[in-house]
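Here are my notes on this one, jotted down as numbered points. Have the model open while you go through them.

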Amino acid sequence: SSLYGQPVLRSLQGVLAFLSYSHRNIYSPREFQRTANPPWFFKGRQHDCSEFLSYLLDTCSEEQKPYQTDNNLDSSRTAELGSITELPEGSSEGNSQLEE
């Protein structure tokens, strides 16, 4: 499946797939944080989690709009959205996002 052009959805899919299928005890979502943080969030500063969640949901919604028609998924493009049961390319249990 391809989530090209959907960096936040792709990154979120990777986090959820890793958490679902990995046997590791620790996971550091650095890449997801880098990809999903709002542009006005600065490293080392405290930010509001509801503001982050709102931005994340809005961004995911915007990224999937090209795959929707009249608020219904276009069946010819549904397969392109991918499945959460698949790890994105380059992901594995030995991922560099792991805390060692």
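**Notes on the fold and its core**

1. The protein chain has three helices and two strands. Going along the sequence, the order is α-α-α-β-β. Bear in mind that this is a predicted model.

2. The accessible surface of the protein chain is about 7,300 Å², and carbon and sulfur atoms hold 50% of that. Among contacts with a separation of 6 or more, 62% are between residues 24 or more positions apart.

3. Have a look at how helix 1 (residues 7-21) meets helix 3 (residues 49-64): their axes are 8 Å apart and the packing angle is about 115 degrees. Angles from 65 to 115 degrees count as roughly perpendicular, so that is the label for helix 1 and helix 3. On the helix 1 side, the contact uses Pro7, Val8, Leu9 and Leu12, while helix 3 brings Leu56, Thr59, Cys60, Glu63 and Gln64. Sorted by class, this contact of helix 1 with helix 3 has six nonpolar, two polar and one charged residues.

4. Next, the largest nonpolar core. Its nine residues are Val8, Leu9, Val15, Phe18, Tyr27, Phe32, Ala36, Leu56 and Cys60. Helix 1, helix 2 (30-36) and helix 3 each put in at least two residues, with the largest share, four residues, coming from helix 1.

5. Leaving out residues up to four places away in sequence, Ala36 touches Val8, Phe52, Tyr55 and Leu56.

Terms used
Residues are numbered from 1 along each chain as its sequence is written. This is a predicted model: local features need pLDDT of at least 70, side-chain atom pairs count only at pLDDT 80 or more; totals for chains, interfaces and linings use all residues. Side-chain values use heavy atoms; hydrogens and water are left out. Axes are lines fitted to C-alpha atoms, for helices over the stretch in contact, and angles run from 0 to 180 degrees between N-to-C directions. Angles under 35 degrees count as roughly parallel, over 145 as roughly antiparallel, 65 to 115 as roughly perpendicular and the rest as oblique. Contact means heavy atoms within 4.5 Å. Ala, Val, Leu, Ile, Met, Phe, Trp, Tyr, Cys and Pro count as nonpolar, Asp, Glu, Lys and Arg as charged, and the others, Gly among them, as polar. A nonpolar core is a set of buried Ala, Val, Leu, Ile, Met, Phe, Trp, Tyr and Cys residues joined through side-chain atoms within 4.5 Å. Buried means under 20% relative accessible area, exposed over 50%, partly exposed in between (1.4 Å probe, protein chains only). Accessible areas come from the Shrake-Rupley method with a 1.4 Å probe; for residues, only the protein chains shown count as cover.
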